[in-house]
Amino acid sequence: LPSGVAPYSSIDELAQEIREFIHRYFECDEEFESVLVAYVLLTWVYQRFQAIPYLRFLGLSGTGKTRASETIGAVCYRTITLGGSLTSAALFRVPDVIGGTMFIDEADFDKSGIGSDIAKILNDGYRRGLPVTRMHQGADNSFVPKLYDVFCPKLLNGRSEYRDDATESRCLVHTPRPLTRSEIPLQLSDDFEEEAL
């Protein structure tokens with residue numbers, strides 16, 4: 001959660017501070033750095049939009065996908081980190097209860113039995129008003145539908161494209177590259193968390 005409220009003279013000043021934070025901990029070209037800044041700002045006001053894209057980092061192990069997601073997630077609105085062992089039940093319940101930004105690490109679901117169920121939830125979660133519906137048994141043993149709001153920003157990373165074209169089309173995709181800048185720390189220290197706050 002945010003640590004407090006601070007005055008900024010302009011949105012440009014805030015965007016520049018976000019850009020400097022991202023640049024310190026993650027390497028990408030200037031153009032995509034601008035996309036990342038815009039995405040962070042979007043997460044703080046996403047409820048004002050009808051539809052939003054997901055931010056997806058795609059690549060082999062060791063290319064910086066998790067670092068990218070951790071860096072961006074540290075300054076997004078109310079980021080909740082979920083691992084690749086995520087079930088579809090958690091994916092529709094967490095956004096409904098908490099809201100904010102979901103960071104799903106190792107989001108490669110195609111090879112799992114729950115992959116198609118998760119793809120359906122992701123396909124609904126980019127747009128307001130497309131809840132996930134599940135039936136729940138009441139005290140009298142009758143079943144009643146319950147709607148779960150899954151609309152929220154999502155940071156995803158994985159090693160391969162989704163087989164579902166609809167899921168893939170909802171993503172802004174970036175393939176990180178190995179580091180070339182030596183000043184980027186290999187391990188995130190406590191300073192990272194303090195600076196993110």
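These legends describe close-up views of a predicted model. Local features need pLDDT of at least 70 and side-chain atom pairs count only at pLDDT 80 or more, whereas totals for chains, interfaces and linings use all residues. Residues are numbered from 1 along each chain as its sequence is written, and side-chain values use heavy atoms, with hydrogens and water left out.

**View A. Salt bridge between Glu33 and Arg19.** A salt bridge is a side-chain nitrogen of Lys or Arg within 4 Å of a carboxyl oxygen of Asp or Glu. Side chains of opposite charge can pair when their charged atoms come close. The whole structure has five salt bridges. In the one between Glu33 and Arg19, the N to O distance is 3.0 Å. This pair links distant parts of the chain, with Glu33 in helix α2 and Arg19 in helix α1 (residues 11-25), 14 residues apart. Helices are DSSP runs of H or I with at least four residues, strands are runs of E with at least two, and both are numbered from the N terminus. Glu33 is buried, because its relative accessible area is 5%. Buried means under 20% relative accessible area, exposed means over 50%, and partly exposed lies in between (1.4 Å probe, protein chains only).

**View B. Salt bridge between Arg177 and Glu27.** The two side chains meet at 3.5 Å, N to O. Arg177 is in the loop between β7 (171-174) and α7, while Glu27 is in the loop between α1 and α2, 150 residues apart. Arg177 is partly exposed, with a relative accessible area of 38%. Glu27 has 4% relative accessibility and so counts as buried.

**View C. Salt bridge between Arg181 and Glu183.** Here the N to O distance is 2.7 Å. Arg181 is buried, at a relative accessible area of 17%.

**View D. A negative surface patch.** The patch is formed by Glu70, Asp190, Asp191, Glu193 and Glu194. Patches are made of residues with over 30% relative accessible area and no salt bridge; like charges are joined within 9 Å, and nonpolar side chains (Val, Leu, Ile, Met, Phe, Trp, Tyr) within 5 Å. Asp and Glu count as negative, Lys and Arg as positive, and His and the chain ends are not counted. A charge is placed at NZ of Lys, CZ of Arg, CG of Asp or CD of Glu. Helix α7 (residues 190-196) gives the largest share of the patch, four residues. Asp191 is found in this helix, and its 54% relative accessibility makes Asp191 exposed.

**View E. A nonpolar surface patch.** Trp44, Val45 and Phe49 make this patch of about 270 Å². Accessible areas come from the Shrake-Rupley method with a 1.4 Å probe, and for residues only the protein chains shown count as cover. Trp44 belongs to helix α2 (residues 30-44) and is partly exposed, at 38% relative accessible area.

**View F. Cysteines without disulfides.** A disulfide is a pair of cysteine sulfur atoms within 2.5 Å, and the structure holds zero of them. The sulfur of Cys28 has its closest cysteine sulfur in Cys76, 14 Å away, which is too far for a bond. Cys152 is in no disulfide either: the nearest cysteine sulfur, that of Cys76, is 11 Å away. Cys28 is buried at 8% relative accessibility, and Cys152 is buried at 0%.

**View G. Helix α3 (residues 65-75), mostly covered.** Eight of the eleven residues of this helix are buried. Among them are Ala68, Ile72 and Val75.
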